[in-house]
Amino acid sequence: MKSGNYVEPTKQTVAQFLDEWIAFIKPSVAPKTLERYTELCRKNIVPLMGDVVLAKLKTDRIDAAFTKALRSGRSDGTGGLSPHTVHHMRRALIKALEQAVTWERLAKNPARATTPPKVERKRMTVYDAAQTGALLDALRPSRLFVPVLLAVMCGLRRGEIIALRWRNVELGDNLRQLSVVESAEQTDAGDVRYKEPKSGRARTIALSSTVITELKAHRARQAEEQLRLGIRPGPDSFVVAQIDGSALQPRSLTREWTKNKIIQRSALPRIRFHDLRHTHASQMLSSGVHPKIASERLGHSSIGITLDLYSHVMPGMQADAAERVDEAIQRALKPIG
């Protein structure tokens with residue numbers, strides 16, 4: 001009490017506090033974010049420590065709960081939760097209890113001192129240049145062709161592809177680029193909203209000759225298709241859309257990729273739609289594109305994210321860099337003797 005750290009104890013439980021916190025953050029976070037926090041709190045955290053009085057919650061109790069979650073945390077009783085899920089549980093609890101400190105329900109945040117679970121990053125599977133070419137050739141007659149083209153040749157995320165409009169695409173002789181200014185996000189309830197890109201800022205992506213040609217042909221086909229339905233396409237029209245010009249849902253694109261019969265009949269490895277973006281990134285870096293340029297093209301908030309995600313591509317680049325430096329120095333050295 002003398003130091004000013006005394007907090008009046010209450011009988012509020014962790015479950016009651018988390019419900020209050022979720023209601024508090026609802027106006028200030030995105031629907032998808034709220035959905036995720038609600039799921040983590042009510043489905044994962046509350047069953048493990050919801051009955052604990054908030055004022056008595058200690059670090060060791062939280063660590064024990066996380067250990068139990070890893071061992072037997074699945075609600076269907078089939079085993080433990082993944083370290084990735086427990087990692088997100090920990091982050092959500094830290095954020096929630098930080099608010100408890102602000103509200104003077106706790107003197108300090110006991111979740112901050114907990115031990116995070118070790119999350120092993122899975123090695124991503126990507127296509128090489130030959131496989132990418134085979135994929136595009138196979139999908140050319142289908143409506144999946146343009147979304148895949150934008151992912152594998154431009155590095156766009158699924159939501160960015162869905163939200164792309166023709167007003168943000170420049171296909172002229174002097175300006176050949178597209179601007180990523182928004183992204184589509186879908187909640188579990190099925191609602192779709194458009195928000196700023198993941199990095200929080202727009203970015204511009206230069207287009208190759210192949211992409212320019214394909215997008216011009218696509219725009220002509222799309223306009224013809226919509227005009228037959230009595231729809232006049234305009235600048236606000238979506239680049240990737242349904243036959244009547246209406247927007248696609250992000251999950252419908254994932255479903256089409258997963259169940260596409262052309263891909264299923266091919267000899268290509270099965271990868272996620274998001275791995276097409278990883279394919280573009282890996283091919284850029286392995287081709288010698290500077291990581292800073294790759295980072296800007298991918299829309300990462302920092303070059304560190306790019307280097308961390310694609311470190312498996314770096315060894316070859318380092319060897320090549322070492323040889324180039326060696327060649328330059330050898331040319332500069334005076335002949336011996």
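Helix α6 (residues 145-154) packs against helix α8 (residues 209-228), with the axes 11 Å apart and an angle of about 160° between them. Keep in mind that this is a predicted model. Below, we look at that helix pair and then at some aromatic rings.

**How α6 meets α8**

- Angles over 145 degrees count as roughly antiparallel, so α6 and α8 are roughly antiparallel to each other.
- The crossing of α6 past α8 is left-handed.
- On the α6 side, the contact is made by Phe145, Val146, Leu149, Leu150, Met153 and Cys154.
- On the α8 side, you'll find Thr210, Val211, Glu214, Leu215 and His218.
- Sort the residues of this contact by type and you get eight nonpolar, two polar and one charged.

**Aromatic rings**

- Searching the whole structure turns up five aromatic pairs.
- One of them is Phe17 with Trp103, an edge-to-face pair at 6.1 Å centre to centre, with 80° between the planes.
- Phe17 sits in helix α1 (residues 14-25) and Trp103 in the loop between α4 (83-102) and α5 (129-139), so this pair ties together parts 86 residues apart in sequence.
- Phe17 is buried, at 0% relative accessible area, while Trp103 is partly exposed at 26%.
- Trp103 also pairs with Phe24: the ring centres are 5.0 Å apart and the planes are at 75°, so this pair is edge-to-face.
- Phe24 lies in helix α1, so its pair with Trp103 joins parts 79 residues apart in sequence.
- Phe24 itself is partly exposed, at 42% relative accessibility.
- Put together, ring pairs link Phe17, Phe24 and Trp103 into a cluster.

Methods
Residues are numbered from 1 along each chain as its sequence is written. This is a predicted model: local features need pLDDT of at least 70, side-chain atom pairs count only at pLDDT 80 or more; totals for chains, interfaces and linings use all residues. Side-chain values use heavy atoms; hydrogens and water are left out. Axes are lines fitted to C-alpha atoms, for helices over the stretch in contact, and angles run from 0 to 180 degrees between N-to-C directions. Helices (H or I, at least four residues) and strands (E, at least two) are DSSP runs, numbered from the N terminus. Angles under 35 degrees count as roughly parallel, over 145 as roughly antiparallel, 65 to 115 as roughly perpendicular and the rest as oblique. A crossing is left-handed if the near helix is turned anticlockwise from the far one by less than a right angle, and right-handed if clockwise. Contact means heavy atoms within 4.5 Å. Ala, Val, Leu, Ile, Met, Phe, Trp, Tyr, Cys and Pro count as nonpolar, Asp, Glu, Lys and Arg as charged, and the others, Gly among them, as polar. Rings of Phe, Tyr and Trp (its six-membered ring) pair if their centres lie within 6.5 Å; planes under 30 degrees apart count as stacked, over 60 as edge-to-face and the rest as tilted. Buried means under 20% relative accessible area, exposed over 50%, partly exposed in between (1.4 Å probe, protein chains only).
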